[in-house]
Amino acid sequence: MRPILMKGHERPLTFLKYNREGDLLFSCAKDHNPTVWFADNGERLGTYRGHNGAVWCCDVSRDSTRLITGSADQTVKLWNVQTGAQLYSFNFDSPARSVDFSVGDKLVLITTDPFMGLPSTIQVKQIARDPNEQSSESVLTIKGPQGRINRATWGPLNKTIISAGEDAVVRVWDTETGQLLKESDKETGHQKTVTSLSKSADGSHFLTGSLDKSAKLWDARTLTLIKTYVTERPVNACAISPLLDHVVIGGGQEAVHVTTTDRRAGKFEAKFFHKILQEEIGGVKGHFGPINALAFNPDGRSFSSGGEDGYVRLHHFDPDYFNIDPIPVFLARGGTLKNEDFVA
Amino acid sequence: MAVDMGKLRWGELEDDAEDLDFLLPPRVVVGPDENGVKKVIEYRFDDEGNKVRVTTTTRVRKLTRARLSKRALERRSWPKFGDAVHEDAGARLTMVSTEEILLERPRAPGSKAEEPKVAGDPLAAMSKAGAVLMVCRTCGKKGDHWTSKCPYKDLAPPTDSFVDKPPGAETIASQSGTGKGAYVPPSMRAGAERSGTEMRRRNDENSVRVTNLSEDTREPDLMELFRTFGPVTRVYVAVDQKTGVSRGFGFINFVNREDAERAINKLNGYGYDNLILRVEWATPRPN
């Protein structure tokens, strides 16, 4: 495959997001302008101008009309996807780290960083249908976890909130009361900062990537650990294929060490694992910095990666990708197939 | 652009260019023609205020079959906004990689069997007797089974070295001798003294040029045609960069000179795809 290179950002990429139909790709970077691209040919459609700091995260509504971005300039902004016009700006007292629209797009989940003595928070805001009636009131505010909350997302049917961050613990909260419902086990869970969290297409399970060089697959309802994918680099980004039983993991050594080592030693590949067998099935090279963001197209036929090098690389899979059979390699490595893995 | 402004600061350039845009001829798009080559001719002012014509030639390739929804089709025609409105013609924000990136598959331990590790000329040994070469690297049994089919492979200690490229003649030199990490110059690697002379011979001397090929002939076709004469290390068909059409000639490298000679004798003047092939020794390029 010949990836499409998109060089619209001046600074490292932080986040990538496809819209529901998979025709638009939104990219966030440490420069101040989130950008939207056509996801098939990589042509730039527009930029959203208005932020005054690194943009950490974004989400797009299901009907692809609204974009929300969270930035280090202590604001979360709501945009018109088509025109790039800013519709509303939520102001905070600390940098916003992650944003996520609920199912139905009526609520938005925002996390803020610990800053100037303020603790990190998870906040829920209502999104008005008419931007003129938008209020900045928080419906719910959760405080508690120590350190930054890198990702927060909605659980099944918006009933729960799933959060993970610097304290390496994955937590599930009740949306109504804000009570802590479940916590991942310290022994089996992540050992270092959780950097990324990505839900499956149906929202039944999710994948977390951590600096402890592993990614873990969790059940979204029960928070049971299902699978662990071990790699040899810190994980900055992860994504679950909506089409095949694949997960993709990206990362690499920290940016400060990049200039002192060889490109190959940095392990800046996107690694594909078989979701069930936990077996590595391939790697896609190309970035010359750590991968910070990964996203699968909702059709599962292409994926994009964003790196510390400022490039977005859009990969349309070759036909043979869809015929990869991981089982021979798995067996040769001494794996045993378990029946329960293949029962739907 | 105004001259009396004295030194222009780069920050002002873009704004000024916008104001003067109406002076420029409109953008012309030619094509894409049947080869998918599209020409975009644009005019703009350069730093000194001169009018310059920028001709961008691109080849349009279809990458995936797109099934767009009605809404997505509507979004296709959305006007550009933000910084994308005044995009520089030469900015080239979106580029197709010139490098072919493959999904690199890891290998099962012990399945590196295709890689010949026999000392001396492995390919010569292959032509002598197939059975002797069939040595299992897992259990060390000769002539019974290939490594990948070894019944004892589960007992073997797993190796963690993956081969990046499919094994070919070139990988032998880079594989051997290198441990993990440290760079070893080619001259210090194991088998270096061999590769110097032998590789050259392979590349230059046993190379056969085929001309008057039909446009439809691809590398696999030539491979099929020439493989019958002996082991082939490389097949190459010259292809026009722009149009993707074969230019009508190609090269085949044989491992053995005798095989190449037989191929020339047999195939020179041979009718292939309603054309008469011309097969001859490829003269090495004068350096």
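How many bridges join strand S16 (residues 170-174) of chain A to strand S17 (residues 180-183) of chain A?

1. First, some ground rules. This is a predicted model, in which local features need pLDDT of at least 70 and side-chain atom pairs count only at pLDDT 80 or more, while totals for chains, interfaces and linings use all residues. Residues are numbered from 1 along each chain as its sequence is written, chains are lettered from A and ligands numbered from 1 in the order in which they are written, and side-chain values use heavy atoms, with hydrogens and water left out.

2. Let's begin with the interface. In chain B, 38 residues are in contact with 52 residues of chain A (contact means heavy atoms within 4.5 Å). The two chains bury about 4,100 Å² between them, 52% of it on carbon and sulfur atoms; buried area is the accessible area (1.4 Å probe) that two parts lose on being put together, summed over both. On the chain B side, Trp78(B), Phe81(B) and Leu103(B) lose the most area to chain A, together 17% of what that side buries.

3. The rule finds seven salt bridges across the interface of chain B and chain A, a salt bridge being a side-chain nitrogen of Lys or Arg within 4 Å of a carboxyl oxygen of Asp or Glu. Lys285(A) and Glu104(B) form a salt bridge, with their closest N and O atoms 3.4 Å apart.

4. Which elements of chain B give two or more residues to the side that touches chain A? They are helix H2 (70-76) and strand S4 (94-96) of chain B, and H2(B) gives the most, with four residues. Helices (H or I, at least four residues) and strands (E, at least two) are DSSP runs, numbered from the N terminus.

5. Strand pairing also links the two chains. Strand S1 (residues 4-6) of chain A is joined to S4(B) by three bridges, and the two run antiparallel; two strands pair if DSSP finds at least two bridges between them. Leu5(A) stands opposite Met95(B) in S4(B).

6. Chain B has an open sheet of three strands in the order S1-S2-S3, with antiparallel pairing. Strand S1 (28-30) and strand S3 (51-59) of chain B stand at the edges, each with a single partner strand, so one side of each is left without a neighbour in the sheet. Strand S2 (residues 37-45) of chain B pairs with S3(B) in the antiparallel sense over nine bridges, and Lys38(B) stands opposite Thr58(B) in S3(B).

7. Now for the opening question: three bridges join S16(A) to S17(A), and these strands run antiparallel. Arg171(A) has Glu183(A) in S17(A) as its bridge partner. The two strands form a hairpin with five residues between them, and Gly178(A) in the turn has a positive phi of about 80°.
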